[in-house]
Amino acid sequence: MTDYDKAEQVKVLIQDLLTKAGFQARVEYEDSLLKGLVFNINSRESRSLIGRQGMTLHSLEILVHALSARLFKGEVFRFSLDVDDYKRKR
């Protein structure tokens, strides 16, 4: 399985998770040399997804990493999450 296929699967996983949690959001990803693969969540409810000092975003990232590890049967696939470029702006 190529990294592009894995990225698409993780994108769908994030989208499904957010939909089930009641958020309307759009998920995009970009691969950069400096930061690696970054999934950026764009939503009108970004404050709820980021949380106080980014704690909700951090928890969401841990959850998505755990779900993707299960999806890829423990195979390492490195990425990070961001909401409306919160991490990039900090």
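**Close-ups of a predicted model**

**View 1. Here we look at tyrosine 86 and what it touches.** Tyrosine 86 is part of helix α4, which covers residues 86-89. Keep in mind throughout that this is a predicted model. Set aside the neighbours within four places in sequence, and tyrosine 86 turns out to be in contact with Ile50, Gln53, Gly54 and Leu57. For a sense of distance, pick leucine 34, which sits 52 residues away from tyrosine 86 along the chain. The C-alpha atoms of these two residues are separated by 17 Å.

**View 2. Next up is the sheet, built from 3 strands.** Follow the strands across and you get the order β1-β2-β3, in an open sheet with mixed pairing. Going from one strand to the next, the twist averages 25°.

**View 3. Now we zoom in on β1 and β2.** These two strands run antiparallel, and 8 bridges join them, with β2 taking up residues 36-43. Which residue in β2 is the bridge partner of aspartate 31? Look for leucine 37.

View 4. Helix α1, made of residues 3-20, lies across β1, β2 and β3. Its direction is at about 155° to β1. Helix α3, residues 55-71, lies across β2 and β3. Compare α3 with β3 and you find an angle of about 145°.

**View 5. Here α1 and α3 pack against each other.** The two helix axes are 10 Å apart, and the packing angle is about 125°. On the α1 side, the contact is made by Gln9, Val10, Leu13, Ile14, Leu17 and Leu18. The α3 side brings in Leu60, Leu63, Val64, Leu67, Ser68 and Leu71. Sorted by class, this contact has 10 nonpolar residues, 2 polar ones and no charged ones.

**View 6. Finally, we come to a salt bridge between glutamate 75 and lysine 6.** How far apart are the closest N and O atoms of this pair? They are 2.2 Å apart. The two residues come from distant parts of the chain, 69 residues apart. Glutamate 75 belongs to the loop between α3 and β3, while lysine 6 is in helix α1. In total, the count comes to 4 salt bridges, by the rule used here.

Key:
Residues numbered from 1 in each chain as written. Predicted model: local features only at pLDDT ≥ 70, side-chain atom pairs only at ≥ 80, totals over all residues. Heavy atoms only, no water. Pairing = 2+ DSSP bridges. Helix = DSSP H or I, 4+ residues; strand = E, 2+ residues; numbered from the N terminus. Axes fitted to C-alpha atoms, helices over the stretch in contact; angles between N-to-C directions. Contact = heavy atoms within 4.5 Å. Nonpolar A, V, L, I, M, F, W, Y, C, P; charged D, E, K, R; others polar. Salt bridge = Lys/Arg side-chain N within 4 Å of Asp/Glu carboxyl O.
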